[in-house]
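Please read the following briefing alongside the sequence and the model.

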Amino acid sequence: ETFTSVKHCKHYSSHRKFKMPTIIDRRSTRVSGGSKVADPIAINGEIDSTPQKRKLRSSSTTEDSRVTSDITPSPLKSSPSKWKSPRRCVNDSPKSTPNANRGAKAVNLSKSPVKRRLSESFLEKPMWNPRDMEQLNGVKEALHVSRAPSNLVCREVENNRILEFCKQAVEQEKAGSLYICGCPGTGKSLSMEKVNKVLVNWAEESGFQAPDTLSLNCSSLSNTSDIFGKILDKIKLRRKINSCTSPLQYLQKMFSEKQQSAVTKMLLIVADELDYLITKDRAVLHELFMLTTLPFSRFILIGIANAIDLADKFLPKLQSLNCKPAVVTFRAYSKDQIISILQQRLKAFPYTVFQPQALELCARKVASASGDMRKALWICRSAIEMLESDIRDSINSLDLPSLHGGVSDQQRDCACDKALIHESNVVRVDHVAIALSKAYRSPVVDTIQSLPQHQQIILCSAVKLFRGKKKDATIGELNISYLDICKSTLIPPAGIMELSSMCRVLGDQGILKLGKAREEKLSRVTLKVDEADITFALQGIRFFRNCLQQS
């Protein structure tokens, strides 16, 4: 029927000597001139491009064929793609395919630079499988305190000072003493181990004689004077000592004579837990440092202690004895340094273990408390155990009645894998919060966690209200923030009089400070506890965690 109508049109056009306008389908595409291009004639839903059809078209007049050839697109050229608005494709070319570049840039365009930096490490690696015992044990081992990292970060300045001191003593073959102090868990002993290895390699490469090393922990000595016997055993001269001569006396005599001291190598003595040598008269500590002042001494003494004020107590006496040591202080780790060290230990794994916000919470709390890196490692391992417990509870509570009949164990395990949500495969903020609560239990945190829900909402409102430079607010302003949180969570709010009564209760417990005013809503409210304690206490509850994370 279609071919008949086409022939009839051709006969009519040749008889009347004028051209019929081209019939354009609705599905035709639009060209740049605003006109439309007709699609090939479809028969039974398929495009007919047979030689017979081309022959029928060629049977038309010369003018018809010329006009048709001018407006009909070549079969090899596809219709141009639909242009996108420049507002929607900032980084795309107009001729690029839709959604070609939107997937990778959607995250970058939708997040602020701060949030993007926090989530970079979370997005660039795949999730790990905490039910894989090999992966689980590998992560736990990497976060163990006894595991020394291959590269010591955040202590480059202190390590360089210790290394330069040792290099100068080896080059000049001159005795000297150094005192390393700092809080526990700040990397003192680990830094000394790394410096010792670098010193030996440097001496061999530079052509110097590498010193012998004696590392001892003073807390293991049954008697403080035994340290001199340990030194004598290291230089292998114990067999020449007379019974009436003490090790200290023999060392003093030996390094006062040039002939006897010339046969010994330089000896690097690393005395950890040096404060255990302190006695009432401090004689042992003074005699130990005075060994480095003997005329032909070959000792490089490095003492390590946790007490920062120890140097102030015994340095004046040592200065009067002309044996004052150089001092290197290891400061407590900051939040950024703790995050860097944790990331350095975890970067060897090809998968993401912690949420960035979880690591930041751990680092912030440890840095504000003590800066002890050992405590941060313990908290991370404890948070992984919290994740293990959650996964076990999820598997035990999983209800799969359709899988119990005639289904293999492999299929059942596959179903369990799919039932676990994607977010549960990483250590989250709530896991770290629970681990922190075990490590740092304080009366303030316990009090906040035991408060009724509306009083906790008031504290959450106060934290959000006091962010920035604002330190206090009126009851009316606090009520507005309180109503916003209740409205967003569909919790029926309390009235302003009840809110004022709850603020007085919190004031009696020492959490808030409530001023006096003529009108109740004009009374000023101030937090008497740290905002970090409130955040830490409420972090384990999803509702409050979401409220506190909102800006």
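Lys 365 is buried (under 20% relative accessible area, with exposed meaning over 50% and partly exposed in between, for a 1.4 Å probe and protein chains only), because its relative accessible area is 16%. This is a predicted model, in which local features need pLDDT of at least 70 and side-chain atom pairs count only at pLDDT 80 or more, whereas totals for chains, interfaces and linings use all residues. Residues are numbered from 1 along each chain as its sequence is written, and side-chain values use heavy atoms, with hydrogens and water left out.

**Salt bridges**

- The structure holds 13 salt bridges, each being a side-chain nitrogen of Lys or Arg within 4 Å of a carboxyl oxygen of Asp or Glu.
- Lys 365 pairs with Asp 533 in one of these salt bridges, with 3.4 Å between the closest N and O atoms.
- That pair links distant parts of the chain, since Asp 533 belongs to helix α23 (residues 531-538) and Lys 365 to helix α15, 168 residues apart; helices (H or I, at least four residues) are DSSP runs numbered from the N terminus.
- Asp 533 counts as buried, at 17% relative accessibility.
- Lys 335 forms a salt bridge with Glu 360, the closest N and O atoms being 3.7 Å apart.
- Because Lys 335 lies in helix α14 (residues 335-346) and Glu 360 in helix α15 (residues 356-369), this pair ties together parts that are 25 residues apart in sequence.
- Lys 335 is partly exposed at 28% relative accessibility, whereas Glu 360 is buried at 17%.
- A network of salt bridges links Lys 335, Glu 360 and Arg 364.
- The side chains of Lys 140 and Glu 388 also meet in a salt bridge, at 2.9 Å from N to O, and both residues are buried.

**Helix packing**

- Helix α20 (residues 453-465) packs against helix α22 (residues 496-508) at an angle of about 85 degrees, with the axes 10 Å apart; axes are lines fitted to C-alpha atoms over the stretch in contact, and angles run from 0 to 180 degrees between N-to-C directions.
- The two helices, α20 and α22, are therefore roughly perpendicular to each other, a term for angles of 65 to 115 degrees.
- In this contact (heavy atoms within 4.5 Å), His 454, Gln 455, Ile 458 and Leu 459 of α20 meet residues of α22 including Leu 499 and Met 502.

Notes:
Angles under 35 degrees count as roughly parallel, over 145 as roughly antiparallel, 65 to 115 as roughly perpendicular and the rest as oblique.
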